[in-house]
Amino acid sequence: SLAVCCVSCGSGDEHSDRADLSLRGKVKSVTEKQFHAVVSETGDIEKGSFFRTNGEWDFTERFNKKGMFTSISFLDRDGDTISKSLYEYDADGHLATKSFYDPALKMKSMYEYDSRGRVKMVCDYDGDGDLMLATSTEYNDENRIETSTTFNKQGNYLQQSLSQKNKRVFV
């Protein structure tokens, strides 16, 4: 048996990570730990033995006042952090940086936006701060992605994606 308990209250955020997770109100963090559910002799549901399916970890998600992630931490069975992602936002509320630690800094992505708030450039850096990949994105008048081009740290072209009649074509 598996028991899942979700609690929500109040009105939610219009668009946020918190709202995408169907959480309402001013939830500051969510921690998920996996245990077998056991029904006691009195009929109460109690926490049983710990379990984890392949590829899944316990985690804690933390949110800022606007409901956007500030961190996601993956936990071992004792609740200690084994890896985490940290999120920072610009003054307009757009994701500015996302950093991944395992346990030291492994990768940092930095985002730039155009005047309409659309992602125009993403640069991925390794733990030493060296550029690994850069992806630029251009949009058409209908606000759809026209082209997305990725370069490696030497500036060599790796991939380009073009939009053609609502289909993505990789070149």
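Predicted model: local features only at pLDDT ≥ 70, side-chain atom pairs only at ≥ 80, totals over all residues.
**Entry 1**

I began with β6, which covers residues 81–89, and β7, which covers residues 95–101. In which sense do β6 and β7 pair? I found them antiparallel, with six bridges between them.

I then followed the chain through the turn. The hairpin of β6 and β7 has five residues between the strands. Within this hairpin I noted Gly93, whose phi is positive, near 85°.

Next I went to the other pairing of β7. Strand β8 spans residues 105–113 and runs antiparallel to β7, with five bridges joining the two. I looked up Lys98 as an example, and its bridge partner in β8 is Ser109. How many residues does the hairpin from β7 to β8 pass through? I noted three.

**Entry 2: salt bridges**

I looked for salt bridges and found two in the structure.

One of them is between Asp114 and Arg118, where the closest N and O atoms are 2.8 Å apart. Is Arg118 buried or exposed? Its relative accessible area is 15%, and the limit for buried is under 20%, so I wrote down Arg118 as buried.

Another is between the side chains of Arg144 and Glu142, at 3.7 Å from N to O. This distance counts because the cut-off for a salt bridge is 4 Å. I checked the accessibility of both residues. Arg144 has a relative accessible area of 43%, so I put it down as partly exposed. Glu142 reaches 58% and is therefore exposed, as the limit for that class is over 50%.

**Entry 3: Thr60**

Last I looked up Thr60, which I located in strand β4, residues 58–63.

Which residues is Thr60 in contact with, leaving aside its neighbours within four places in sequence? I listed Ser29, Val30 and Thr31, then Ser71, Ile72, Ser73 and Leu75. With Thr31 I also found a polar contact, side chain to side chain, at 2.8 Å.

I also checked Phe74, which is 14 residues from Thr60 along the chain. The C-alpha atoms of Thr60 and Phe74 are separated by 6.6 Å.

Methods:
Residues numbered from 1 in each chain as written. Heavy atoms only, no water. Pairing = 2+ DSSP bridges. Helix = DSSP H or I, 4+ residues; strand = E, 2+ residues; numbered from the N terminus. Buried < 20%, exposed > 50% of the residue type's maximum accessible area, 1.4 Å probe, protein only. Contact = heavy atoms within 4.5 Å. Polar contact = N/O pair within 3.5 Å; in protein donor to acceptor, adjacent residues only side chain to side chain.
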